[in-house]
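Reader: I'm new to this one and would like to go through it slowly. Could you show it to me before we start?

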Amino acid sequence: MAIIEAKNLWKEYGNNVVLEQVNARVEEGEFITVVGTSGCGKTTFLKMLLGIEQLTRGELLLDGKKFPDEPGEDRGIVFQKYSVFPHLTVLENTMLAAEFEQAPLLGKLFGSKKKMAESDAIEILHSVGLNHALEHYPHELSGGMQQRLAIAQALMKKPRILLLDEPFGALDPGIRADMHVLIKTLWKKSGITIFMITHDLEEGFYLGTRLWVFDKIRLDAQNANAYGACITYDIPVGKTDASTFDDIDNSLDMSRKVLLD
Amino acid sequence: MKRLINQYPDRTLKAMLGTLPFIIIFIVYIMASNARLEENSRDKLLPSISSMTTAVDKLAMQPSKRSGEYLFWVDTSSSLTRLGLGIGISALIGLIFGIVSGAIPYVRANLSPFMTAISLIPPLAVLPILFIVFGLGELSKVVLIAIGITPFIIRDMQSKVMELPAEQIIKAQTLGASTWLIIIRVVLPQVLPRLIGALRLSLGAAWLFLIAAEAIASTDGLGYRIFLVRRYLAMDIILPYVVWITFLSFLIDYILKTLSERLFPWFHAEDK
């Protein structure tokens, strides 16, 4: 069974149509990269997967059941920023998931339970290359390190789905490449389903197993919000070639121009 | 020659420039005082430094002939106790209500308009009511401070909670946190340094209400003493008391600031 399924999904704010006729099936363990112009509903779609936005028409299913209408522990998230807690050290940030689960009253672990959570957290931090900075606060870390921490923090909860909202958008190209390697390794090891939003088409072209392009098929130059976006390309990564890349790039350019003018 | 806006004094010069106004006001005072005292040695308006020292020495270092107490210190400790209680109670109420109404939309819908209305009541206008209800004792003075500054602290805390990035609250939910856990592990520790900031801002108002209450009905306290000796035009007591109150305010503010920097290094690093 598909882990996520969208059937003729629409999202409207009053007269503004953001998404229309979105149909998709996602199997467990896929790594989907989502690209699209800004304002093309890819973030709205991610918010629906998170549970902080609700659809207006159609169906969105998680394991064949109606999608939950608030964030939950089966869906982890890494935002572009503000994903980690500034008042906690690297280790404390990572341990948080264990503390929430095992200490519903105080939210703090003590004794042997604390030791266990610490060693679990250190193991995950090791896998993202942060084991040398356990006692540092987030403000003492670089942007790339903060994103590594945010990923470690989310993985600690062992979510079934990991949502990444332009996680590397604010990073330098070199560091971004490191992060690509990291996320790919972690995905292969854990086998979780990943959705990653990016505005970088190249990133989407080799990172995951599947590339989605959100775009508007119908465009009204006088009223940009009259029609919504849907998934215009849904292609397995690996079978893509330069001409497909150019096709997508051109079509995105077109709608960018129409939308912005 | 660099533009004036790009020129910075070095450390010694900065310290000298900073103390200069204090020195000038001191010298101007001495000169004016001397001039007046030369004309009339019984002048009370601008007492000499020596007569002020004598007056303070009498109040602070010698027991009062009537009660055997060291009035200056009794005044100081009563005032600081009232101030501390008032601010402490306000901080606790402000923190709890601010967090709950900032974090929970239902509570906010319920409390926010009410708090706005309460905060618009001039506290001194309800002072007579406090005296009638709570009597003339300590309670009414503490309550006046609390009524005066709590609404501000609640509203400030509420807005600080709402300013926390939504991303953090969403992230905590995806890590399995309940509303309660989000409040005690994500919201509370992050608004504590902001609470100290709010207390520092309300310190001036707290002193105002304290001195007002002491002036009207009290038997000791810094505000009481000033208003008592006003009848005798005892500027030699009033002026040192005002300086002392200012110094205490400065000290409390400094302690709060240092405490915040020590306890919440991550918060002050963000400022920079």
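**Strands, chains and helices**

Author: Let me begin with one pair of residues in this predicted model: Ile4(A) has Val26(A), in strand 2 of chain A, as its bridge partner.

Reader: Okay, and how many bridges are there between strand 1 and strand 2 of chain A, and in which sense do they pair?

Author: Strand 1 of chain A, residues 4-13, and strand 2 of chain A, residues 16-26, are joined by seven bridges and pair in the antiparallel sense. Elsewhere along strand 2 of chain A, Val17(A) stands opposite Glu12(A).

Reader: What about the turn, how many residues sit between the strands of that hairpin?

Author: The hairpin of strand 1 and strand 2 of chain A has two residues between its strands, and Gly14(A) takes a positive phi near 60 degrees there.

Reader: Which strands make up the sheet, and in what order?

Author: It is an open sheet of four strands of chain A in the order 2-1-4-5, with antiparallel pairing. Strand 2 and strand 5 (65-66) of chain A are the edge strands, each of them pairing on one side only. Strand 1 of chain A is also joined by five bridges to strand 4 of chain A, residues 57-62, and these two run antiparallel. In that strand 4 of chain A, Arg57(A) stands opposite Trp10(A).

Reader: Zooming out a bit, which domains is chain A divided into?

Author: Chain A has a domain 1, covering 4-74 + 159-260, and a domain 2, covering 86-144. The C-alpha centres of these two domains of chain A lie 30 Å apart. Their contact takes seven residues from domain 1 of chain A and four residues from domain 2 of chain A. On the domain 1 side of that contact in chain A, six residues are nonpolar, one is charged and no residue is polar.

Reader: And the other chain, how many residues of each chain are in the contact between A and B?

Author: Chain A gives 26 residues to the contact and chain B gives 20 residues. On the side of chain A that touches chain B, the elements giving two or more residues are strand 6 (75-78) and helix 2 (90-102) of chain A. Helix 2 of chain A provides the largest share of that side, with four residues. By type, the chain A side that touches chain B has 15 nonpolar, six polar and five charged residues.

Reader: How confident is the predictor in the complex, what are the ipTM and pTM?

Author: The complex is given an ipTM of 0.88 and a pTM of 0.86. Chain B averages a pLDDT of 92, and 99% of its residues score at least 70.

Reader: Where in chain B is the confidence lowest, and where is it highest?

Author: Within chain B, confidence is lowest in helix 11 (residues 265-271), at a mean of 79, and highest in helix 3 (residues 71-103), at 95.

Reader: Since you mention helix 3 of chain B, at what angle does it pack with helix 4 of chain B?

Author: Helix 3 of chain B and helix 4 of chain B, residues 105-119, pack at an angle of about 125 degrees, with axes 6 Å apart. The two helices of chain B are therefore oblique to each other.

Reader: Which residues meet there?

Author: Phe97(B), Val100(B), Ser101(B) and Gly102(B) from helix 3 of chain B meet Val107(B), Arg108(B), Leu111(B) and Ser112(B) from helix 4 of chain B. The residues of this contact between helix 3 and helix 4 of chain B divide into four nonpolar, three polar and one charged.

Conventions
Residues numbered from 1 in each chain as written. Chains lettered and ligands numbered in written order. Predicted model: local features only at pLDDT ≥ 70, side-chain atom pairs only at ≥ 80, totals over all residues. pLDDT = per-residue confidence, 0-100. Contact = placed C-beta atoms within 7 Å. Nonpolar A, V, L, I, M, F, W, Y, C, P; charged D, E, K, R; others polar. Domains from an automatic or database assignment. Pairing = 2+ DSSP bridges. Axes fitted to C-alpha atoms, helices over the stretch in contact; angles between N-to-C directions. Parallel < 35°, antiparallel > 145°, perpendicular 65-115°, else oblique.
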